[in-house]
Amino acid sequence: MQQEIKQILHKLIGDPYIPELRITDIVEILIIAVIVYEIMLWIKNTKAWMLLRGLLMLGLFILVAYVFRMHAILYLARESIGILAFAALVVFQPELRRALEKLGEKNLFSSFYLFDRGRENLRFSDRTREALVDACFSMGSVKTGALIVVERAIHLTEYEMTGIELDCKVSEQVILNIFEHNTPLHDGAVIIRGDRITSATCYLPLSDNMQISKSLGTRHRAALGMSEVSDALILVVSEETGFVSMAMDGQLVRNVTPEYLREKLGQIQNRLSDGKKFTIRKGRQRNEV
Ligand SMILES: Nc1ncnc2c1ncn2[C@@H]1O[C@H](COP(=O)(O)OP(=O)(O)OP(=O)(O)O)[C@@H](O)[C@H]1O
C-alpha cells in the first residue's frame, strides 16, 4: 500500500520523502488525537476556555510588542511567565482536580472482565428512579422548592457532613416530607446514595458561571456548582415556577419533562456505563445553560 502511494507520488511530484510508517506510529497518532480531543472538550466545557482566550489575547499583545521591539514589555512578559503559570494552576485547581478524578473514574478494562457481568451493577433500583421522578413532579405541581443530589462514582462525604445525617430508603413520600415548607429538613439539599437518602439540609458549592440566567437564584446555582465539582446528577424543583431542572457535568437543563428525567436517571443507573469512553450526546432539551 505504502509502496503504491510512493509510486503515485513519484509520478506526480518526483521523489518525495516518506518516512517508514509502523503500526505503533498509527496507534501513537490515534492516542495523541484522542488526548488532544479530550483536552479540547475539557477546555470548551470549563472556565479554561476563557483562559485560552485570555492567553491568545496576551500572545497577540506580545507579538505586537515583539514586532515593534518594545523591550520593556517583552522583558516583563518574560519575567512573569512563571507567575502566570502558577496563577493558572491555582485558579483552575477545581477543574484540574475534576479532570483527574474523571480520568480515575474511567474503568477501561471492565468490559474485558466477563465475571463483572454477574456483579451487582445497578447503582439504584427502578423503584428509586420512579420515586425521584414522581416526587420532583409532585413538588413542581404545588411549587415546593427542592434540591436533590444523586451520587455516582465520586463520593460526596464532604458535602454530606454539612447537613443532617439520615439513613432512609428513598420513596416519594419521604422526599415530599423532607421538602415540605417550614419543616426542619426542607432547607438545602438531600444527598442520595444508591437507594438511600444519606443526608438532608446539605450545603452545596455555588457555581460562578457567568452565563447562568439572572432569573435563577442560589438553588439553581448550587445545583450547577455541584455538577461542576462532581459527577453527580442534581435535580432542582423551582419554588417560583414549579419547573423541574437537572444539572450534570456542568450543564443545567431547565424545565425537563418526566420522560427526559426518567431517561437520564436510567442512563446513570448502571455502574458499568461509567466506563464508556464515547457517548453520543442527544440534543439538549429546552433552556440549557
Ligand atoms: N449553596 C446551597 N446549598 C444548598 N441549598 C441551597 C444553597 N443555596 C440556596 N439553597 C436552597 O435554595 C433556597 C433559595 O433558593 P432561591 O430562591 O435563592 O433560588 P432559586 O434558584 O431562585 O430557586 P426557586 O426557583 O426555587 O426560587 C434556599 O432556601 C436553600 O434551600
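Mentor: Start with the ligand: by class, its shell holds seven nonpolar, six polar and four charged residues. Keep in mind that this is a predicted model.

Trainee: Which residues come nearest to the ligand?
Mentor: Of the 17 residues around the ligand, the nearest are Gly217, Arg219, Ala222, Ser238 and Glu239. Helix H9, residues 218-229, gives the most to that shell, with four residues.

Trainee: What makes Ser227 buried?
Mentor: The cut-off for buried is 20 or more other C-beta atoms within 10 Å. Ser227 has 22, so Ser227 is buried. Its place is in helix H9. Ser227 and Ala247 are 20 residues apart in sequence, yet their C-alpha atoms are 6.0 Å apart in space.

Trainee: And why is Glu172 called partly exposed?
Mentor: Exposed takes 12 or fewer neighbours and buried takes 20 or more, with partly exposed in between. Glu172 has 18 other C-beta atoms within 10 Å, so Glu172 is partly exposed. You'll find Glu172 in helix H8, residues 172-178.

Trainee: Does H4 lie in the open or under cover, and what makes you say so?
Mentor: Of the 21 residues of H4, the number buried is zero, so H4 lies largely in the open.

Trainee: What does UniProt list as "transmembrane region"?
Mentor: The unreviewed UniProt entry lists residues 26-43, 50-68 and 74-92 under that name. In the model, residues 26-43 are 100% helix and 0% strand, with end C-alpha atoms 26 Å apart. Residues 74-92 are 95% helix and 0% strand, and their end C-alpha atoms also lie 26 Å apart.

Trainee: Over to the strands. What makes E5 mostly covered?
Mentor: Strand E5 is residues 233-237, and five of its five residues are buried. Leu233, Leu235 and Val237 point one way, Ile234 and Val236 the other way, and all are buried.

Trainee: Why are E1 and E5 called a pair?
Mentor: Pairing takes at least two bridges between the strands. Strand E1, residues 146-150, is joined to E5 by five bridges, so E1 and E5 pair, and they run antiparallel. Val149 stands opposite Ile234 there.

Trainee: How many bridges does E5 have with E6?
Mentor: Four, again in the antiparallel sense, with E6 at residues 244-248. Val236 stands opposite Ser245. The hairpin of E5 and E6 has six residues between the strands, and Gly242 takes a positive phi near 80° in that hairpin.

Trainee: And what makes E2 hardly covered?
Mentor: Strand E2 is residues 164-169, and the count of buried residues among its six residues is zero. E2 pairs with strand E4, residues 196-202, over four bridges in the antiparallel sense. In that pairing, Ile164 stands opposite Ala200.

Conventions:
Residues are numbered from 1 along each chain as its sequence is written. This is a predicted model: local features need pLDDT of at least 70, side-chain atom pairs count only at pLDDT 80 or more; totals for chains, interfaces and linings use all residues. Helices (H or I, at least four residues) and strands (E, at least two) are DSSP runs, numbered from the N terminus. UniProt positions are given in the numbering used here, feature names are shortened, and annotations may be inferred rather than shown by experiment. A residue is near a molecule or strand if its C-beta atom, placed from the backbone, lies within 6 Å of it. Ala, Val, Leu, Ile, Met, Phe, Trp, Tyr, Cys and Pro count as nonpolar, Asp, Glu, Lys and Arg as charged, and the others, Gly among them, as polar.
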